[in-house]
Amino acid sequence: MDAWLQPLIDWLNGLPLQATIRETSWALPLVQTVHILAVAIVLTASLIIALRGIGLVGRDWSLARWQARFGTSTVLALWTLLGTGLLMILAEPERELLNWLFRAKMLLVIVTLLLARGLARALRATRTDRPARPGVRLLAVVVFAAWIAVAMAGRWIAYVG
Ligand code: HEM
């Protein structure tokens with residue numbers, strides 16, 4: 001796997017944009033800050049939807065309505081995470097691409113995106129004035145737990161090789 005990735009790493013290391021990011025002292029901290037702010041948006045939306053799923057908050061709105069309320073901001077935040085994540089990979093390709101936890105995180109991101117899409121679809125099919133099925137409410141909690149696991153993996157990358 002590592003040998004297969006080496007040509008990609010070499011190519012990224014030769015890009016002028018990488019040199020610019022590395023030579024600009026504020027560039028990487030700024031990208032990381034935007035990544036964290038986007039994490040906050042995804043986690044906040046997912047937390048509220050999970051808590052609504054178990055009936056702890058926002059019971060004046062149905063789960064489907066909460067999902068519709070946060071759908072667009074979550075999608076925008078996820079694209080921001082992808083963009084800033086790619087910039088971080090460009091800045092330090094060896095640190096990310098050769099790290100097993102980074103790879104695990106990417107796998108987890110894909111699985112979580114599929115679960116979140118399943119949740120969004122199920123709720124789009126539910127009338128906004130109707131209560132969601134128990135399985136859908138459970139899925140809302142699972143999606144939140146999965147985003148937390150992604151965030152933990154993201155933070156932990158710095159401590160494992
Ligand atoms: C969509 C694709 C994503 C990519 C390509 C990506 C990529 C990255 C990279 C390269 C890092 C730097 C790790 C390091 O070197 O220490 C990072 C950090 C991090 N990521 Fe992501 N990420 C993505 C999505 C997410 C999502 C969905 C979450 C959470 C819901 C998340 C949470 C975090 C956290 C908490 C950190 C640690 C930031 C820090 O300590 O400064 N990431 N990510």
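Helix α4 gives the most to the lining of the largest pocket, with 15 residues; helices here are DSSP runs of H or I of at least four residues, numbered from the N terminus. The model is predicted, so local features need pLDDT of at least 70 and side-chain atom pairs pLDDT 80 or more, while totals for chains, interfaces and linings use all residues. Residues are numbered from 1 along each chain as its sequence is written, and side-chain values use heavy atoms, without hydrogens and water.

A pocket is an open set of points on a 1 Å grid over the protein atoms alone, where a 1.4 Å probe fits and protein lies on both sides within 12 Å along at least five of seven lines; lining residues have an atom within 4 Å of a point. The largest pocket is lined by 49 residues, and L78, L81, V109, W147 and V150 lie nearest its centre. Elements that give two or more residues to this lining are α3, α4, α5, α6 and α7. By class, the lining has 33 nonpolar, nine polar and seven charged residues.

The ligand takes up the space of the largest pocket, with more than half of its atoms within 2 Å of the grid points. Around the ligand stand 20 residues, each with a heavy atom within 4 Å of it. The closest are H35, R95, E96, K105 and R155.

Key
Nonpolar A, V, L, I, M, F, W, Y, C, P; charged D, E, K, R; others polar.
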